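Colleague: I would like to go through this model with you and ask what lies behind each term. Please put the structure up first.

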Number of protein chains: 2
Amino acid sequence: MSDAERLDGILAMLRERGGRLTTARRAIITALVGSRSHVTADELSATVRAAHPDVHLTTIYRCLDTLEEIGVVDHVHLGHGRAVYHLNDEIHQHLVCERCQAVVEVPDSLFDDLAARVKGRYGFTIRPHHFAVLGRCAACQ
Amino acid sequence: MSDAERLDGILAMLRERGGRLTTARRAIITALVGSRSHVTADELSATVRAAHPDVHLTTIYRCLDTLEEIGVVDHVHLGHGRAVYHLNDEIHQHLVCERCQAVVEVPDSLFDDLAARVKGRYGFTIRPHHFAVLGRCAACQ
DNA sequence: ATCTTTGCAAACTTTTTGCACCAAT
DNA sequence: ATTGGTGCAAAAAGTTTGCAAAGAT
């Protein structure tokens, strides 16, 4: 799936929801699709501003909220303070190095065992995608 | 180990490190030891203020920082925004319900398998205590 | 006497909100 | 013509910092 197709798909979902296809949204979603990884609202804002200097950070947040409601985007708290946003097309878990901040993405399936055990013993259903797991990456041991 | 012993132990560690035993610190650590679970800086401040109305929230933060440097306290980001602090004597992982905010503590050992696999495949060492795992508790399914 | 710790006020960072205007349908 | 989206400014929430005064050693 190309970036253009991805963009169109998201725009279509927005329209279905009764949303409007504004310049700002197009720019934000384009930037999000283009930046292939995890971005903070701030970073996204910088990218968007390159082409559309008038798009306000507030609008970024509101757009990301909307996309999250639709289920297209998810956000994760990687560290102290800021959150990062990413497209939701492949679900993965984040390992974040406490030292160098590197983000390692690992398949969700690694957590299946843990999830099953926690479910069995505590009745708790893990939804792991929302928070990062911290530690030390290979390079920083 | 009684609360009083625990308090004394922590005060001793502080002293060893060249720290001073102030009224504020005594009050904060007492409150921390007394409140048997996870507290936000704010909650801790409220408890401390009951007996010592003059201890400022800033001081709470600075004291918690110091205790964290010593290794006595750890803090965890349970949700969006505030962090919770807890004594470091039994290491456990936090499961937090996204709906009712309940905190379920589970033994660290549940994560051993996951940690081993992540270590093997990605060279990443998980230090899981720092962040919460989100999901739905038994009552909120 | 020294040097850490404290209180206070103010800054800071990230995110949210109120409101009048604009623009997509 | 609607009504949802946007920009702006300002508030909120949580935490940190600078500095002079207080307090522990």
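Colleague: Which side chain has an N or O atom 2.7 Å from a base oxygen of DNA strand D?

Modeller: The side chain of Arg20(A) does. Keep in mind that this is a predicted model, in which local features need pLDDT of at least 70 and side-chain atom pairs count only at pLDDT 80 or more, while totals for chains, interfaces and linings use all residues. Residues are numbered from 1 along each chain as its sequence is written, chains are lettered from A and ligands numbered from 1 in the order in which they are written, and side-chain values use heavy atoms, with hydrogens and water left out.

Colleague: What makes a pair of atoms a polar contact?

Modeller: Both must be N or O atoms, within 3.5 Å of each other; within protein, one must also be able to donate a hydrogen and the other to accept it, and residues adjacent in sequence count only if both atoms are side-chain atoms. The pair at Arg20(A), at 2.7 Å, is within that 3.5 Å limit, so it is a polar contact. On DNA strand D, a base nitrogen is 2.5 Å from a side-chain N or O atom of Arg20(B), and a phosphate oxygen is 3.0 Å from one of Arg25(A).

Colleague: Which contacts of this kind does DNA strand C have with Ala83(A), His56(B) and Arg62(B)?

Modeller: Polar backbone atoms face phosphate oxygens at Ala83(A), at 3.1 Å, and at His56(B), at 3.2 Å. At Arg62(B) the side chain places an N or O atom 2.9 Å from a base oxygen.

Colleague: How do you know that a residue is near a strand?

Modeller: One of its heavy atoms must lie within 4 Å of the strand. DNA strand D has 20 such residues around it, with Thr22(A), Thr59(A), Arg20(B), Tyr61(B) and Arg82(B) the closest. Of the DNA strand D atoms within 4 Å of the protein, 62% belong to sugar and phosphate. DNA strand C has 19 residues around it, and Tyr61(A), Arg82(A), Thr22(B), Arg25(B) and Thr59(B) come nearest. For DNA strand C, the sugar or phosphate share is 66%, and the rest belongs to bases.

Colleague: Why are H2(B) and H4(B) called roughly perpendicular?

Modeller: They pack at an angle of about 75°, with axes 10 Å apart. Angles of 65 to 115 degrees count as roughly perpendicular, under 35 as roughly parallel, over 145 as roughly antiparallel and the rest as oblique, so H2(B) is roughly perpendicular to H4(B). The axes are lines fitted to C-alpha atoms over the stretch in contact, with angles from 0 to 180 degrees between N-to-C directions. Contact means heavy atoms within 4.5 Å, and the residues making it include Ile28(B) and Leu32(B) of H2(B) and Ile60(B) and Leu64(B) of H4(B).

Colleague: What makes a residue of that contact nonpolar?

Modeller: Ala, Val, Leu, Ile, Met, Phe, Trp, Tyr, Cys and Pro count as nonpolar, Asp, Glu, Lys and Arg as charged, and the others, Gly among them, as polar. The contact of H2(B) with H4(B) divides into 8 nonpolar, 2 polar and 1 charged.

How values were computed:
Helix = DSSP H or I, 4+ residues; strand = E, 2+ residues; numbered from the N terminus.
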